[in-house]
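Hi everyone, thanks for coming. Let's take a look at this one together, starting with a helix and then moving on to some charged pairs.

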Amino acid sequence: MKIQPVRGTHDLFGEELNKTKIIENIIRKIANNFDFNEIITPIFESSDLFIKPLGEHSDVVLKEMYTFNDRNNSSLTLRPEYTTPIIRAAISNRLLEKLPTKLFAIGSMFRRERPQKGRFRQFNQMNFEILGSDDALADSELILIAKKILDDLLLDKEFKLYINSLGDRDTLKAYKKELTNFFNKYKKDLSIDSQSKIDANPLRILDSKENADIKICKDAPLISKLYSYEASKQFDEVKNLLSSSGIEFIQDNFLVRGLDYYCKTVFEFKNSDLGSQDTLIGGGRYNGLIKAIGGPDIPGVGWAGGIERITLLKESEKNENLNCHLILIDEKVKNYGIETLKKLNDKGLPVYFDYKYNLKKSLAYANKKEAKFAIIIGEDELKGKSYTLKDLNNSNQQKFNFNELILKLSK
Ligand code: HAM
């Protein structure tokens with residue numbers, strides 16, 4: 001029997017875990033530079049927190065949530081996204097008293113999607129949210145942070161920023177009606193999946209990947225014709241601020257995002273090497289959502305990025321930490337060995353110990369792991385309270401006392 005993780009989940013270890021840690025460190029550093037506070041919320045919440053805000057007809061709510069009944073029959077859901085739990089936590093913990101509140105979070109999300117490259121059923125996201133500001137500068141600051149993180153992590157990799165505005169909530173309502181009328185005219189030519197969305201969620205048809213749908217969407221009405229003066233002004237300001245900070249973008253009139261809570265600015269960073277799951281980061285404004293969840297009537301804006309997708313693109317970096325192997329050539333020196341292990345560790349020097357008690361085997365293993373040094377201890381060393389340090393690059397070796405050893409390794 002093959003022992004495998006559940007479909008769509010994966011174990012993290014070795015190089016991928018190393019990359020994930022580097023990614024998380026950079027996220028935390030940049031979040032700190034922009035004065036965002038970290039928050040961690042429980043992995044599951046009441047199902048109600050997600051159903052209305054994400055949209056009763058959204059794919060996430062209809063098909064993808066991991067929902068189960070607790071023993072008292074209350075309905076709970078493993079979080080499929082982080083924005084609503086962050087807002088719930090900000091309300092629960094009175095974090096909305098001094099606005100704007102800037103929060104970030106890193107953690108696992110759960111969606112029962114069809115697994116493929118870059119798409120998992122348990123995956124990790126970073127999330128940045130600004131609660132309590134309707135200023136176009138907040139949208140632009142968030143985009144600037146997203147770009148800074150991608151720049152720092154993906155160095156010379158190409159990614160593009162797409163932006164759009166969904167106008168006010170009234171605009172969106174009117175636009176959905178226009179789209180429903182439009183798609184009804186071409187109903188029989190649309191894919192079966194899109195046909196089922198014409199009345200409940202026509203926006204989703206706009207980012208269908210089916211050729212038949214793409215052809216019809218080319219002539220779909222544009223939302224920009226329905227913008228209010230205010231929404232139009234704000235979108236212009238966001239674009240203007242992005243240009244001032246030297247950020248290039250592509251205006252995509254059909255960028256609509258998959259969750260129902262968005263209005264005004266929406267944006268996505270995409271990379272073409274990822275195949276169909278090409279969105280690294282997506283987000284936008286969600287004025288009205290905080291009130292809908294039970295908080296004050298304040299605006300909000302944010303984004304989330306998929307850490308696995310960044311890991312797929314990120315070059316490996318060597319873990320330079322573990323470069324010294326401790327080799328005991330005889331079981332008789334075990335006590336001296338553990339004393340040495342502890343003393344080196346107290347000095348903050350990482351060492352690897354293999355329980356082999358065989359110089360040849362241990363050296364072969366240290367070489368395979370590309371260690372830089374081996375500290376060799378046998379009966380001679382025990383007698384002289386010394387340590388033989390072997391440089392594994394050139395095979396030179398020399399005996400040292402403990403202080404000399406520390407001095408040499410610290411270099
Ligand atoms: P989202 O577009 O659903 O937005 O997800 C954001 C990012 O999470 C995606 O761009 C992708 O990189 C990653 N992602 C999503 N689903 C998967 C999956 N199944 N496997 C791997 N990675 C995935 C949100 O979640 C919103 N809460 C973003 C937001 C924050 N809007 C405002 N604030």
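At the start of helix H5, a side-chain oxygen of Asp135 comes to within 2.8 Å of the backbone nitrogen of Leu137. Keep in mind that this is a predicted model. H5 itself covers residues 136-154, and its 19 residues should span 27 Å at 1.5 Å a residue; the end C-alpha atoms are 27 Å apart, so the two agree.

Side chains of opposite charge can pair when their charged atoms come close.

Now, how many salt bridges does the whole structure have? A search finds 23. One of them joins Glu268 and Arg257, at 2.8 Å from N to O. Glu268 is in strand E9 and Arg257 in the loop between E8 and E9, so this pair ties together parts that are eleven residues apart in sequence. Glu268 counts as buried, with a relative accessible area of 9%, and Arg257 is buried as well, at 15%.

Last stop: the surface. Ile43, Phe44 and Phe68 form a nonpolar patch there, with about 270 Å² of accessible area together. Of these, Phe44 is found in strand E2 and is partly exposed, at 44% relative accessible area.

Notes
Residues are numbered from 1 along each chain as its sequence is written. This is a predicted model: local features need pLDDT of at least 70, side-chain atom pairs count only at pLDDT 80 or more; totals for chains, interfaces and linings use all residues. Side-chain values use heavy atoms; hydrogens and water are left out. Patches are made of residues with over 30% relative accessible area and no salt bridge: like charges are joined within 9 Å, nonpolar side chains (Val, Leu, Ile, Met, Phe, Trp, Tyr) within 5 Å. Accessible areas come from the Shrake-Rupley method with a 1.4 Å probe; for residues, only the protein chains shown count as cover. A salt bridge is a side-chain nitrogen of Lys or Arg within 4 Å of a carboxyl oxygen of Asp or Glu. Helices (H or I, at least four residues) and strands (E, at least two) are DSSP runs, numbered from the N terminus. Buried means under 20% relative accessible area, exposed over 50%, partly exposed in between (1.4 Å probe, protein chains only). The expected span of a helix is 1.5 Å times one less than its number of residues. A polar contact is a pair of N or O atoms within 3.5 Å; within protein, one must be able to donate a hydrogen and the other to accept it, and residues adjacent in sequence count only if both atoms are side-chain atoms.
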